[in-house]
Amino acid sequence: MIQRERPKVGVGVFVMSSKHPNCVLVGRRKGLHGAGKYALPGGHLEFGESWEECGQREVEEETGMRLVGIRYSTVVNAVVPTENYHYITLFVQGHVDLQHMADPTNLEPDKCEGWNWVDWDRFLPLEDLFEPLRLVRLQGYNPFTAQTSLHLV
């Protein structure tokens, strides 16, 4: 059996806005893992960082937006052996601070094709989703109705 790297820790962010009811922000990925798939803003958890701090930092770096009310949402264990991809992805959620910036700017065009608001109840097909987000959809998690609790897939 081939020894692979240890799993990495990622943070995905359900970005919500009162300007876009029942929608979350998604972008189409570029790069090595999940190219062409839709994902939430997010990235690697840095040393010493809380999940909420990571979520805020990643959203600001990728979209220019700031969030308020950031809190834990759910977690998935995403494994794609063919891509040597294994991440524990913690999800947080927060609302756009409309006093700062109401709509996203694509600040990392080398990593994302652009940002769009997508209605959670009329979401993209599972086969078009980056693995962690696909698992969230498969587990039936809904960031608009869920209480903060641990959901494992």
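Q: How should I read a UniProt feature here, and which one is placed at residues 6-140?
A: UniProt positions are given in the numbering used here, feature names are shortened, and annotations may be inferred rather than shown by experiment. In this case the unreviewed UniProt entry puts "domain: Nudix hydrolase" at residues 6-140. We're looking at a predicted model, where local features need pLDDT of at least 70, side-chain atom pairs count only at pLDDT 80 or more, and totals for chains, interfaces and linings use all residues. Residues are numbered from 1 along each chain as its sequence is written, and side-chain values use heavy atoms, leaving out hydrogens and water.

Q: What share of residues 6-140 is helix, and what share strand?
A: Helices (H or I, at least four residues) and strands (E, at least two) are DSSP runs, numbered from the N terminus. The span is 16% helix and 41% strand, with its end C-alpha atoms 27 Å apart.

Q: Which strands pair with β6?
A: Two strands pair if DSSP finds at least two bridges between them. β1 (residues 8-16) runs parallel to β6 with nine bridges; Phe14, for instance, partners Gln93. β5 (residues 67-80) pairs antiparallel with β6 over 11 bridges, and there Thr74 sits opposite Phe91. β5 and β6 make a hairpin with four residues between them, and Asn84 in the turn has a positive phi of about 50°.

Q: Is β6 mostly covered or uncovered?
A: Buried means under 20% relative accessible area, exposed over 50%, partly exposed in between (1.4 Å probe, protein chains only). In β6 (residues 85-96), nine of the 12 residues are buried, so defined.

Q: What is the strand order in the open sheet of three strands?
A: The order is β3-β2-β7, paired antiparallel. β3 (38-39) and β7 (112-119) are at the edges with a single partner strand each, so one side of each has no neighbour in the sheet.
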